[in-house]
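Visitor: I would like to go through the terms used for this model and see what each one rests on. Please set each value against its cut-off.

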Amino acid sequence: WDQMLWPDAVATASDIFTLIEASSIRTMREKCPSNLATICYKAVEHLVAVTSAGFGSSKEHKAALNCVRILTRLLPYIFEDPNWQNFFWSTVPDKASEPTGEEVVGAVNGGTPPLAHSLLSALSDLLFCPEFTVLPGKKQGPDNPEDLSSLDSCEFIWEAGVGCSSSS
């Protein structure tokens, strides 16, 4: 699986789109659905692990980014087939068993959250992860404490007049 993340070979989203062709995704979806499901499961599993543990290195950062890129490439082709509509509402199979075609179309286990829940939770955590999508904050501590009273909330409003009467 580590080879699938291509932390050294893939630098941009267009690299993923070049390496994984649309015809290959459709063929995998039709002929080997368990392989497509496994790629999605593993990508989501890796994203969940990263959000739980944090980024230890730039290689892990790139691997998480590549998981997002892979899912971005695969999801449109998954959702174009009506048989796969419930795939993300299925649960992640335990590590001992590989997914089967029946699990792909929406098997639900009461105790484990669905794949969509795990994916959306991990992605929403990554949205606020410093140095992933958010710049690291100011240095905090005795040398340089952040002064919250100096912040003007109107600076962060997209449109003047929304939540703020001044149009500065």
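Visitor: Where do Glu-45 and Lys-42 lie, and how many residues apart are they?

Guide: This is a predicted model. Both Glu-45 and Lys-42 belong to helix 4, and they are three residues apart, about one turn of the helix.

Visitor: What makes Glu-45 and Lys-42 a salt bridge?

Guide: The closest N and O atoms of Glu-45 and Lys-42 are 3.6 Å apart. A salt bridge requires a side-chain nitrogen of Lys or Arg within 4 Å of a carboxyl oxygen of Asp or Glu, so the pair qualifies.

Visitor: Why does Glu-45 count as partly exposed?

Guide: Its relative accessibility is 30%. Buried means under 20% and exposed means over 50%, so Glu-45 falls in between. Lys-42 also has 30% relative accessibility and therefore counts as partly exposed.

Visitor: Which residues do salt bridges that share partners join into one network?

Guide: The network consists of Arg-26, Arg-29, Glu-30, Glu-80 and Asp-81. A search of the whole structure finds five salt bridges.

Visitor: How do you know that Arg-26 and Glu-80 form a salt bridge?

Guide: Their side chains meet at 2.6 Å, N to O. The limit is 4 Å, so the pair is a salt bridge. The bridge links distant parts of the chain, with Arg-26 in helix 3 and Glu-80 in the loop between helix 5 and helix 6, 54 residues apart.

Visitor: What makes Glu-80 and Arg-29 a salt bridge, and which parts does the pair tie together?

Guide: The closest N and O atoms of Glu-80 and Arg-29 are 3.0 Å apart, so this pair also meets the 4 Å limit. Arg-29 lies in helix 3 and Glu-80 in the loop between helix 5 and helix 6, so the bridge ties together parts that are 51 residues apart in sequence.

Visitor: Are the residues Arg-26, Glu-80 and Arg-29 called buried, partly exposed or exposed, and why?

Guide: Arg-26 has 36% relative accessibility and therefore counts as partly exposed. Glu-80 has a relative accessible area of 39%, so the term is again partly exposed. Arg-29 has 10%, which is under the 20% cut-off, so Arg-29 is buried.

Visitor: Why is Trp-84 called buried?

Guide: Its relative accessibility is 3%, and buried means under 20%, so the term applies. Trp-84 lies in the loop between helix 5 and helix 6.

Visitor: Why is helix 4 called oblique to helix 7?

Guide: The axes of helix 4 and helix 7 come within 9 Å and cross at roughly 45 degrees. That angle also lies between 35 and 65 degrees, so helix 4 is oblique to helix 7. This crossing is left-handed. On the helix 4 side the meeting residues include Tyr-41, Val-44 and Leu-47, and on the helix 7 side they include Leu-115, Ser-118 and Leu-119.

Visitor: How many helices and strands does the chain have, and how much of the chain is buried?

Guide: There are seven helices and zero strands. Buried residues make up 30% of the 168 residues. Of the contacts with a separation of 6 or more, 65% are between residues 24 or more positions apart.

Notes. Residues are numbered from 1 along each chain as its sequence is written. This is a predicted model: local features need pLDDT of at least 70, side-chain atom pairs count only at pLDDT 80 or more; totals for chains, interfaces and linings use all residues. Side-chain values use heavy atoms; hydrogens and water are left out. Helices (H or I, at least four residues) and strands (E, at least two) are DSSP runs, numbered from the N terminus. Buried means under 20% relative accessible area, exposed over 50%, partly exposed in between (1.4 Å probe, protein chains only). Contact means heavy atoms within 4.5 Å. Axes are lines fitted to C-alpha atoms, for helices over the stretch in contact, and angles run from 0 to 180 degrees between N-to-C directions. Angles under 35 degrees count as roughly parallel, over 145 as roughly antiparallel, 65 to 115 as roughly perpendicular and the rest as oblique. A crossing is left-handed if the near helix is turned anticlockwise from the far one by less than a right angle, and right-handed if clockwise.
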